[in-house]
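Please consider the following note alongside the sequence and the structure. It is written as numbered points, each of which may be checked in turn.

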Amino acid sequence: MITLHKGHVAIVLHAHLPFVRHPEHKDFLEERWLFEAISETYLPLIQCFESLLDEGIDFRVTMSLTPPLLTMLTDTLLQNRYIDHLLKLIDLTEKEIHRTKNQPEFNHLAKMYHNKFKSDLIMFKDKCKCDIVNAFKKIQSTGKLEIIACAATHGYLPILSNSPEAVNAQITIGVDTYKKFFGVSPKGMWLPECGYTPMVESSLKRNGIEFFITESHGLLFANPKPVYGTFAPIVTTNGIVAFARDIESSKQVWSSHDGYPADKCYRDFYRDIGYDLDYEYIKDHISPDGHRIQTGIKYYSITGKTNDKAPYNPEAAKEKAVLHAEDFIRNREKQILYLSKYMDRPPIVVCPYDAELLGHWWYEGPHWLYSMFKKIHTEQNTFSLITLKEYMDNNPIMQVAVPCASSWGYNGYNEVWLNGSNDWIYRHLHKGAERMTELANENKIAEGIKKEALNQAARELLLAQSSDWAFIMKTGTMVQYAVKRTTDHIGRFLKLYHDIKENNIDEEWLMDMKNKDNIFPEIDYRIYKTM
Amino acid sequence: MDYMNTPNTYKLPHSYGETKIVLVARDPNCLFAYWEISGAETRRFIDELGIELWQKSSPALKVKNLSNSSSFIIAINDYASNWYIHVDNPNCFYEVEYGRKISESFFVPIVSSNYVQTPNNTVLSSTYCYFMDYRDFSKSGFEDKSKYIYDMLDIESYYKNIGISSMEFAFNSKFEQCFGKSSLELFGKE
């Protein structure tokens, strides 16, 4: 392909939250993870992409939307709870506008949040008809956004891989869920936590997956050594294409010392009125048990190494996001100009980020992305944005190599998900996979309540396998919730296993579980039969 | 009632009544093994080899590097049901046996693990590069220019900073948000 550009940048956003849905409780704290991500990340990203489309800006972005997230975003109960959440925030910001009327440095921020939550409500209810997935789907149809698949419940595949059936179920159900929501087959898959082992490849290939992304050393330590480092994909001996995360651009965004989100102008994530204001005033907006939590209303900037924070200045923060966009572009230009001297094909710089970083964590992140995409289109000619699949189509001849087993977690391998805080889960997860395969082999055909029980057993096993639980146990906060979720799902699985074996299924209990853990309604337990 | 205060309905079993050892390669220099030995297996050992041998021996793991045919034994205790094992060799196949150590040179295996491969931890040197267009392999040589690309990558620095992970930050934010951890701990450092 003839192009003026010397190379490409691929922005990849990985959108994921664990499946948290508790119909049995009226107000469930952890469901707020979803609500906050909708307001701070997913709606702002949709707005960002739609604005760029309206302005005629040619951009490209790759995104993964995981099956738990797709399921939660289209769940009526959670959609209604999100609306209730917004209404409470609108109520709170009205009170805040009144409370801060003599504090101009905060009053305009209270008004900003009030307008933001009101416009979120309009966008969510009226414009998106409560269906955010459909909004992303529409953007995908323009060709600017490529959505890729992810494993069923974000299971960490390298440590599940002693059961090929467990890995295959994670990948196949991930692909099936993608097809259900988007009506087409996915070309690429985001491996949860960039967790790669060569053992995932046969299932990827069986499911028609053409590419995935690894951590930098997934390619750098590959065998044989990839001649272009991370700046061109390789093709594995199974014919699947592997891209790798760029080191330099990752550091620019993620470094805790000099990453962009650390800038003192940006909004401070942790300082929130949920902690700062009088209990009597704020009690209706924090945890029902009185535990103080974030409300999403934050009035301070990071400021610096002090607890004496300066009031947040949204205009200054936006200007800084534009400067950071320019800096990011300048550095990619330098990188690509250098690389293009030594490569016989356009270098690709792959920049994967957790989608929730943009907006939820780094409040100005969506504006950074918007400004960057606009400036890449209008202010430089060194490189263009590209999706990973486009790059493959334009540059189909690739070096053959076997990537190195790796992840993007601390120390680059499996340590985050396998250490003294969480290693106890694997005895049960491995046994669960083995028993699920045993059940599938023994029940080649099942009908009625037995079939329901077998399918629910598969759901419970998948939910127990979410990498999120092991990760939370490692981080040391919210551990109790992660332990309980793991124990509950394995416990439910084991009960179902015994009930099925003994032909003694508790129908009422089963229906209750099916209602609570209602992910993958079309699941077919036979996916677990011996491969 | 709050979910967290709901009584734990499920108590997971300590073991599944079987004799088994499972091995996982955690990283280039660390294996993780967990196991359980059934009462029947212990009785079988005693029946076949005698109570005296059982009493004079102690539980141990024999770690076998299948790639270079070396092995070593780690003394463990009767209460352990898992172990992190330091190994020296990335990119090697390993197997671990659980058994009884009678003397420095006498180990009786009871059960063997699956095989695992430790991952690589360095840039390999390679002579040949094969290229393919999905279907057709072709051979070419671009190694000369590769040197400049790796020079630019600053691999030495990457080795030191490996695992600057995006998920660490974002997930911390997701799960710590209820606890008001200071931003200074992550960002805000000047």
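**Note on the predicted model**

1. Leaving aside neighbours within four places in sequence, A:Thr236 is in contact (heavy atoms within 4.5 Å) with A:Glu201, A:Phe212, A:Val400, A:Ala401 and A:Pro403. The residue lies in the loop between strand S6 (234-235) and strand S7 (241-244) of chain A; helices (H or I, at least four residues) and strands (E, at least two) are DSSP runs, numbered from the N terminus. A:Thr236 has a relative accessible area of 0% and is therefore buried. Buried means under 20% relative accessible area, exposed over 50%, and partly exposed in between (1.4 Å probe, protein chains only). The side chain of A:Thr236 also makes a polar contact, at 2.8 Å, with the side chain of A:Glu201. A polar contact is a pair of N or O atoms within 3.5 Å; within protein, one must be able to donate a hydrogen and the other to accept it, and residues adjacent in sequence count only if both atoms are side-chain atoms.

2. On conventions, this is a predicted model, in which local features need pLDDT of at least 70 and side-chain atom pairs count only at pLDDT 80 or more, while totals for chains, interfaces and linings use all residues. Residues are numbered from 1 along each chain as its sequence is written, chains are lettered from A and ligands numbered from 1 in the order in which they are written, and side-chain values use heavy atoms, with hydrogens and water left out.

3. A:Asn207 is placed in the loop between helix H8 (201-206) and strand S5 (211-214) of chain A. With a relative accessible area of 16%, A:Asn207 is buried. Its side chain reaches the backbone oxygen of A:Ser203 at 2.9 Å. Not counting residues up to four places away in sequence, A:Asn207 touches A:Asn168, A:Ile171, A:Thr172 and A:Val175.

4. Which residues of helix H5 (residues 132-140) of chain A are buried? They are A:Ile132, A:Val133, A:Ala135, A:Phe136, A:Ile139 and A:Gln140. Seen down the axis of H5(A), these buried residues fall within an arc of 160°, so they line one face of the helix; the arc is that of the directions from the helix axis to the C-beta atoms. Their cover includes helix H1 (32-54), strand S2 (61-65), helix H2 (67-73), helix H4 (104-127), strand S3 (145-150) and helix H7 (164-182) of chain A. At the start of H5(A), a side-chain oxygen of A:Asp131 comes to within 3.2 Å of the backbone nitrogen of A:Val133.

5. A pair of aromatic rings is described by the distance of the centres and the angle of the planes. Rings of Phe, Tyr and Trp (its six-membered ring) pair if their centres lie within 6.5 Å; planes under 30 degrees apart count as stacked, over 60 as edge-to-face and the rest as tilted. By this rule there are 32 aromatic pairs over all chains. The rings of A:Tyr82 and A:Phe124 have centres 4.7 Å apart and planes at 75°, so this pair is edge-to-face. It links distant parts of the chain, with A:Tyr82 in helix H3 (residues 76-99) and A:Phe124 in helix H4 of chain A, 42 residues apart. A:Tyr82 is buried at 0% relative accessibility, and A:Phe124 is buried at 2%.

6. A:Tyr260 and A:Trp368 form a tilted aromatic pair, 6.1 Å centre to centre and with 50° between the planes. A:Tyr260 lies in the loop between helix H10 (247-254) and helix H11 (273-276) of chain A and A:Trp368 in helix H14 (residues 365-379) of chain A, so the pair ties together parts 108 residues apart in sequence. Both A:Tyr260 and A:Trp368 are buried. Together with A:Tyr266, A:Phe328, A:Tyr353 and A:Trp362, A:Tyr260 and A:Trp368 form one aromatic cluster.

7. In chain B there are 5 helices and 10 strands. Buried residues make up 44% of its 190 residues. Among contacts in chain B between residues at least 6 apart in sequence, 55% join residues at least 24 apart.
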